[in-house]
Amino acid sequence: MALPGIISISRRGDIPAFHTPWLMKRLREGYCYFQTPYGGKIQHVSLGPEDCEGLVFWTRNPYPLFKHIDELKDRGYYFYFHFTITGYPKPLESHTPPLLKSIDRFKYLSEKIGPDSVHWRYDPVVLSNLTPEAFHIDNFSFIADNLKGSSKICTISFLQFYKKSRANFTKINQQLGVRLEESDVERKIKLAQSLRKIASDNGLKLRSCCDSSLLDAGILKGSCIGPEYLSLIRTDIYDNWKKRPTRKGCACFESVDIGTYETCTFGCSYCYATRGRETALKNLKNYHKNDPILVRPK
């Protein structure tokens with residue numbers, strides 16, 4: 001059995017949005033299984049609060065978890081959220097929650113657990129004919145202004161072209177005429193500097209995810225999972241942290257991710273974790289909240 005420091009829920013799919021009943025049953029029973037994405041090994045992991053330094057939620061819609069927040073606290077879990085709000089046009093994000101509704105949910109969650117526990121992700125920054133620099137400056141300003149006081153950290157990254165996202169972009173280019181623009185370092189730094197100024201004006205520290213080039217824009221690299229963020233919500237964390245990057249440029253520390261690829265149905269065309277919304281919808285239909293593993297291998 002794996003005894004992790006931190007449980008990641010999840011970089012591979014939006015568990016809070018789509019699988020909260022499964023998650024709560026697993027937390028109540030104190031364990032789950034997950035399949036490693038490379039090699040397919042099945043692992044058994046303890047989810048008991050005594051074995052977890054913290055839970056890190058990654059989501060675009062934490063609403064299904066709202067009614068369980070008090071239970072999580074009562075059970076002794078420490079947790080924080082990475083809450084993604086980007087507000088992109090429908091061709092890029094076909095089924096994400098409406099922007100204003102996401103902002104309202106962010107503010108509610110912050111009031112419930114505090115701004116140290118809810119980090120805003122404007123991630124990834126996609127440059128396209130629909131979302132040029134001017135779009136991002138206006139869009140980021142609007143969201144930052146509305147989230148003022150509700151968060152202290154915002155994380156950005158520029159789109160990386162993974163195999164799955166390239167295939168999805170080919171589809172929307174052919175079907176909708178969306179043209180992506182791969183950004184050079186100078187272009188990224190210039191836009192990032194503008195976003196940093198907007199963030200600062202709204203009380204936000206801007207951090208980068210997996211992008212060392214943004215250090216030249218004065219933006220520190222964030223450890224999305226690690227002691228920096230966890231120390232904001234608890235003081236008794238252990239000091240034997242191990243770096244465990246998940247990809248090039250990642251500054252995260254060791255964690256166990258209990259999620260599964262191909263399970264998010266928000267349909268973001270730039271997603272690295274989902275081949276297509278149809279596959280995720282099929283997996284969503286086949287999962288059962290009482291199964292100790294999110295998607296049971298054949």
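A residue is taken as buried when its relative accessible area is under 20%, and Ser269, with a relative accessible area of 5%, is therefore buried. In this predicted model, Ser269 is found in the loop between S10 and H9. The C-alpha atoms of Ser269 and Pro91 are 7.5 Å apart in space, although 178 residues separate Ser269 from Pro91 in sequence.

The strands are arranged in an open sheet of eight, in the order S9-S8-S7-S6-S5-S4-S1-S10, and their pairing is parallel. The edges of this sheet are formed by strand S9 (220-221) and strand S10 (256-257), each of which pairs on one side only. Within the sheet, strand S7 (residues 153-158) and strand S8 (residues 205-208) run parallel and are joined by four bridges, with Ser208 in S8 as the bridge partner of Ile156. Helix H4 (residues 99-113) lies across strand S5 (79-84) and strand S6 (118-125), and runs at about 165° to S5. Helix H5 (residues 133-146), in turn, lies across S6, S7 and S8, running at about 170° to S6.

A further pairing, in the antiparallel sense, is found between strand S2 (residues 31-35) and strand S3 (residues 42-46), over five bridges. These two strands, S2 and S3, form a hairpin with six residues between them, and Gly39 in the turn has a positive phi of about 110°.

Aromatic side chains were examined next. A pair of aromatic rings is described by the distance of the centres and the angle of the planes. The count of aromatic pairs comes to 16. For Phe18 and Phe266, the ring centres are 4.7 Å apart and the planes stand at 55°, so this pair is classed as tilted. The pair links distant parts of the chain, 248 residues apart, with Phe18 in helix H1 (residues 15-18) and Phe266 in the loop between S10 and helix H9 (277-286). Phe18 counts as buried because its relative accessibility is 18%, and Phe266 likewise counts as buried, at 6% relative accessibility. The rings of Tyr63 and Phe66, by contrast, have their planes at 70° and their centres 5.7 Å apart, so the pair is edge-to-face; Phe66 has a relative accessible area of 11% and is therefore buried. One aromatic cluster is formed by Tyr88, Trp120, Tyr122, Phe135, Phe140 and Tyr270.

Tyr270, a member of that cluster, is also joined to Arg60 through a polar contact of 2.4 Å between the side chains. Arg60 has its place in the loop between strand S4 (54-59) and helix H3 (69-74), and counts as buried because its relative accessibility is 10%. A polar contact of 3.4 Å joins the side chain of Arg60 to that of Glu93. When residues up to four places away in sequence are not counted, the residues touched by Arg60 include Asp14, Phe83, Thr84, Thr86, Asp123, Phe266 and Cys268.

The backbone geometry shows several features of note. Glu262, which is not a glycine, has a positive phi of about 65°. Glu262 is found in the loop between S10 and H9, and counts as buried because its relative accessibility is 9%.

Methods: Residues numbered from 1 in each chain as written. Predicted model: local features only at pLDDT ≥ 70, side-chain atom pairs only at ≥ 80, totals over all residues. Heavy atoms only, no water. Pairing = 2+ DSSP bridges. Contact = heavy atoms within 4.5 Å. Axes fitted to C-alpha atoms, helices over the stretch in contact; angles between N-to-C directions. Phe/Tyr/Trp six-rings, centres within 6.5 Å; stacked < 30°, edge-to-face > 60°. Buried < 20%, exposed > 50% of the residue type's maximum accessible area, 1.4 Å probe, protein only. Polar contact = N/O pair within 3.5 Å; in protein donor to acceptor, adjacent residues only side chain to side chain.
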